[in-house]
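Thanks for coming, everyone. I'll take us through one structure, piece by piece. Here it is on the screen.

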Amino acid sequence: MSATPETDAAPGAEILFLAEGELAGLVADLATAAVEVVGPAATEPASPAAAAADVLHGRPELEYRTLAPGVAPLLAPGMPRLSLKGFFLPQTEALFAWRQHGTEIEIERGEASARRRVALGVKPCDAAALEIVDHVMNWDFADQPWNERRVATTVFTLACPVEDGSCFCTAVGLAPDGTRGADGLFTPVEGGWLVEPSTEKGAAFVAEHAARFATASAALVDEGAEARRAANERVAGHLEIDAESVREWIAGHFDDPLLAGLGVRCHGCGTCASVCPTCHCFDIVDETDGVGKGTRRRSWDTCQTGKFTLHASGHNPRNDQNARFRQRLNHKFSIYPLRFGEVLCTGCGRCSRECHAGQDLVEMLAAIDVAARRPAAVGAETESGGPA
Amino acid sequence: MSTVAPQHEARPAPEARPAPTIYEPNLMTVIDLVDETVDTRTLQLEFKDEALRESFAFHAGQFGEYSAFGAGECTFCIASPPTRAGAIECTFKTVGKVSAALRELNVGDTMGFRGPYGNWFPVDDWGGKNVLFVAGGIGLAPVRCVIWNVLDRRDEFGDVTIVYGARSVDDLVYKRELEEWAGRADVNMVTTVDPGGETPDWDGRVGFVPTVLGEVAPSAKDTVAVVCGPPVMIKFSFPVLADLGFADDDVFTTLEMRMKCGVGKCGRCNIGPYYVCKDGPVFSATQLKTLPPEY
């Protein structure tokens, strides 16, 4: 996987311009059409300290939110703390409800998750995650709730200026101005945004709201292109790895001290998985509601907790944090690419940014990449350990 | 359930999902139950849906997700053979919340089932071969499915040898079937209990399964082996089989991993390059040797 920036506009396609003043109108049109708008919004500071931090950073913390009808998304720099995945795989959702009548059980299916939505101002790394997770959600068995939400949602990314040193999207084959998993791209320019749909769904959206868009001037197109080029260049300097050698090295060095010791600082809190746009593991549990009725729910889960793999017998195949952390890296950079042809990571950097213990994926991948490029030492392990 | 919300005049209801999702279980009726040991029970289950009762088919070694509504789902292999249609059986030990709730069910009660999932033992490839079964404790449950599958098609196979053991006489499961197999001229049945687990009138062997397997020393010639039991039994049985001359390709086991979805989504049973729910649960010893020791 090479770090080729994606340039998605079809050749010769006209680039549109949405003036700042038109955004409110666009959102009002969407409210009239009963289309839900998801987008970044300022988080209400939870404490005086959080408010102070916003002042310190010179901007509010962002979060993706389903916006009230007519409210415009905040199309500004900043990385929402959680990714967009919760809008497709909610943190918790009812799979169905059940009711007991004597010895009989009645299953009550929920509503199909098909409300029409448009997500505006999505980070390219968050949109790409949707397409990457599509593989596992449709591997043989199709996960209907995920697919229904994917179909019902039109996604426009917002070209990212590159947030900080934890960003590394180009190292995993993506780009700060990408449209993977999205239907089009907004690029901030003087007075508004360049708008380039990249799919039929995106084109249909633009066509539906044609009155809001103008044709972009050549000067604005140049301005956008320059900003995008600069962002690509900036993020490319953060990390460069050869994904295929990293995959092979991880697969073949299960017991290597580098891989086996990476979890030594990890608390197993699972924050990395919560904030990750591609982590999709879940738990399924029953919740009772009084006697004789309840719901079966699925909720986010993480391989970083001990109970994730704990057998009923008490045996735990991954009994310590090093083993669990190694599994996380394994799954993302070795197993998923082997199975689905690409890494389960979009380089958003949230796991590094949010880790309380300072586990830094950028550092780790750089170290593994160095090890993978090093000629194999004599007597080095060649295949994963095998049963002890 | 008579005092739920009062019925108001029809209001446009939100559109319910037209088809079940992959997470919705099929409803089944408990039609029989057998206590195998003090904490292990077998449930015999029949689909409520008549069409499904007719059409349901599976292979020996596949598993399902069994629901006790209100407690959740649990993963067990289907313990009855595919050659006996109409009902399926599961055998489980009461250790957790769901198994305890399943144990509360009586004949006539309703539970849920999703499946069959996963791969299976390649029984169809074993025509003309001898089959050796090695099982320990409740690990006989998935093996029993294969044993009956083979015995129901007895003419297709050569010698059938079963080496089965448990911690104590009380812990042996399917006791009536063990007797039935022992009484058959076309089955070589060896039953053992761990040292200290025997009763005064125990007439089987005493010794750990791998040890007894070495003593019985079945020939590896034209023979496939099916092994299932606690991890420690599997671990020590493999070298014994290798010493007897079994090739890794001819040794099969079924892996137990914690699962939730059963359909390759929830990520829980992922080990090495495999998802046990999709690529397994049946693995050959050859495949097992490529796996990291995380099972």
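**An open helix in chain A**

Let me start with helix α2 of chain A, residues 48-57. Of its 10 residues, the number buried is 0, so this helix lies largely in the open. Buried here means 20 or more other C-beta atoms within 10 Å of the residue's own; exposed means 12 or fewer; partly exposed is in between; and the C-beta atoms are placed from the backbone. Helices are DSSP runs of H or I with at least four residues, strands are runs of E with at least two, and both are numbered from the N terminus. Just after α2(A) comes Gly58(A), with a positive phi of about 75 degrees.

A word on the source. This is a predicted model: local features need pLDDT of at least 70, side-chain atom pairs count only at pLDDT 80 or more, and totals for chains, interfaces and linings use all residues. Residues are numbered from 1 along each chain as its sequence is written, while chains are lettered from A and ligands numbered from 1 in the order in which they are written.

Staying in chain A, look at Ala31(A). Ala31(A) sits in helix α1, residues 20-32. Ala31(A) counts as partly exposed, because it has 16 C-beta neighbours inside 10 Å. Leaving out residues up to four places away in sequence, Ala31(A) touches Pro69(A) and Gly70(A). Contact means C-beta atoms, placed from the backbone, within 7 Å. Gly86(A) is 55 residues away along the chain, and its C-alpha atom is 22 Å from that of Ala31(A).

Now the domains. Chain A divides into domain 1 (16-48 + 58-82 + 109-236) and domain 2 (243-373); such bounds come from an automatic or database domain assignment. The two centres, taken over C-alpha atoms, are 27 Å apart.

On to chain B. Chain B has 8 helices and 15 strands. Of its 295 residues, 49% count as buried. The C-alpha atoms fill a box of roughly 75 × 45 × 35 Å along the principal axes.

Seven strands of chain B form an open sheet, in the order β10-β9-β8-β7-β11-β12-β15, with mixed pairing. Pairing requires at least two DSSP bridges between two strands. The edges are β10 (205-206) and β15 (282-284), each pairing on one side only. Inside the order, β11 (223-228) and β12 (251-254) of chain B run parallel over 3 bridges. There, Ala225(B) stands opposite Val251(B).

Which residues have the most contacts inside the largest nonpolar core? They are Phe133(B), Ala225(B) and Val226(B), in a core of 181 residues. Its largest share, 9 residues, comes from helix α3 (124-137) of chain A. A nonpolar core is a set of buried Ala, Val, Leu, Ile, Met, Phe, Trp, Tyr and Cys residues joined through C-beta atoms within 7 Å. Beyond four places in sequence, the contacts of Phe133(B) include Val143(B), Ile147(B) and Val226(B).

Last, the interface. 45 residues of chain B are in contact with 53 residues of chain A. On the chain B side, β4 (72-77), α6 (231-243) and α8 (285-289) each give two or more residues. That side divides into 20 nonpolar, 11 polar and 14 charged residues.

Conventions
Contact = placed C-beta atoms within 7 Å. Nonpolar A, V, L, I, M, F, W, Y, C, P; charged D, E, K, R; others polar.
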